[in-house]
Amino acid sequence: MAELTPTEQLEEIRRNSENLKSRIDTITRDLDFPSLDKEVEELELKLQTPEVWSDPSQTAAINRRLARLRERRKVWDDLAGAAVDAAEFAELALAEPDPAEHLAEAREAYRKVFEGVEKEETKLL
């Protein structure tokens, strides 16, 4: 089997990045981000009431839960953005006079997103 040209490799990276973005979208849909966002909003409102501050352990528990929810959302949002960026970078590289100059950087961008998704998916098991 013939080795892929740099242009073909960049096209493959673009496609793989787009597929990875679709995979992230499926995961975040399964994680039910609208419910997560609603819980964040409810916890933020709860922290605005004076009663919650009279119990330091309850306040700490709410803040810990809020931090975990925000972090979960941020991680997946960042991965989704990075997948889009990787696809767009590969697309832009294809438009360059010498696409091969950008191949290593495109590979690295895709690799980072792919490994991030794999790591976060493992945490969900």
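Reader: Ok, I've got that contact means heavy atoms within 4.5 Å. Among contacts in the chain between residues at least 6 apart in sequence, what percentage join residues at least 24 apart?

Author: That share is 76%. Before we go on, this is a predicted model, where local features need pLDDT of at least 70 and side-chain atom pairs count only at pLDDT 80 or more, while totals for chains, interfaces and linings use all residues. Residues are numbered from 1 along each chain as its sequence is written, and side-chain values use heavy atoms, with hydrogens and water left out.

Reader: Got it. How many helices and strands does the chain have?

Author: There are 5 helices and 0 strands. Both are DSSP runs numbered from the N terminus: helices are H or I with at least four residues, strands are E with at least two. Reading from the N terminus, the order is α-α-α-α-α.

Reader: Is the chain a compact globule or more spread out?

Author: It is more spread out than a compact globule, because its radius of gyration is 20 Å, well over the 14 Å that the globule rule gives for 125 residues. The radius is taken over C-alpha atoms, and the rule is 2.2 Å times the number of residues to the power 0.38. Along the principal axes, the C-alpha atoms fill a box of roughly 70 × 30 × 20 Å.

Reader: And what percentage of the residues are buried?

Author: Buried residues are 29% of the 125 in the chain. Buried is under 20% relative accessible area, exposed is over 50%, and partly exposed is in between (1.4 Å probe, protein chains only).

Reader: What's in the largest nonpolar core?

Author: It has 26 residues, and the ones with the most contacts inside it are Leu10, Ile13, Ile24, Trp76, Leu79, Val113 and Val117. A nonpolar core is a set of buried Ala, Val, Leu, Ile, Met, Phe, Trp, Tyr and Cys residues joined through side-chain atoms within 4.5 Å.

Reader: Which elements give two or more residues to this core?

Author: Helix 1 (6–30), helix 2 (33–47), helix 4 (56–94) and helix 5 (103–124) do. Helix 4 gives the largest share, 10 residues.

Reader: Pick valine 117. What is it in contact with?

Author: Leaving aside neighbours within four places in sequence, valine 117 meets Leu20, Arg23, Ile24, Ile27, Trp76 and Leu79.

Reader: Ile27 is on that list. Is isoleucine 27 buried or exposed?

Author: Isoleucine 27 is buried, at 8% relative accessible area, and sits in helix 1. Not counting residues up to four places away, it touches Trp76, Val117, Glu121 and Leu124. Isoleucine 27 and tryptophan 76 are 49 residues apart in sequence, yet 8.7 Å apart in space, C-alpha to C-alpha.

Reader: What about leucine 124, where is that found?

Author: Leucine 124 is in helix 5 and counts as partly exposed, at 42% relative accessibility. Beyond the residues up to four places away, it touches Ile27, Leu31 and Trp76. Leucine 124 and leucine 31 are 93 residues apart in sequence and 9.5 Å apart in space, C-alpha to C-alpha.

Reader: Switching topic: at what angle do helix 2 and helix 4 pack?

Author: About 145 degrees, with their axes 10 Å apart. Axes are lines fitted to C-alpha atoms, for helices over the stretch in contact, and angles run from 0 to 180 degrees between N-to-C directions. Residues making the contact include Phe33, Leu36 and Val40 of helix 2 and Ile62, Leu66 and Trp76 of helix 4.

Reader: How do the residues of the contact of helix 2 with helix 4 divide into nonpolar, polar and charged?

Author: There are 9 nonpolar, 3 polar and 9 charged. Ala, Val, Leu, Ile, Met, Phe, Trp, Tyr, Cys and Pro count as nonpolar, Asp, Glu, Lys and Arg as charged, and the others, Gly among them, as polar.

Reader: Last one: where is aspartate 32 found?

Author: Aspartate 32 is in the loop between helix 1 and helix 2. It has a positive phi of about 55 degrees although it is not a glycine, and it counts as partly exposed at 36% relative accessibility.

Reader: And glutamine 9, buried or exposed?

Author: Glutamine 9 is buried, with 13% relative accessible area, and lies in helix 1. It touches Leu4, Leu103 and Arg107, not counting residues up to four places away in sequence.
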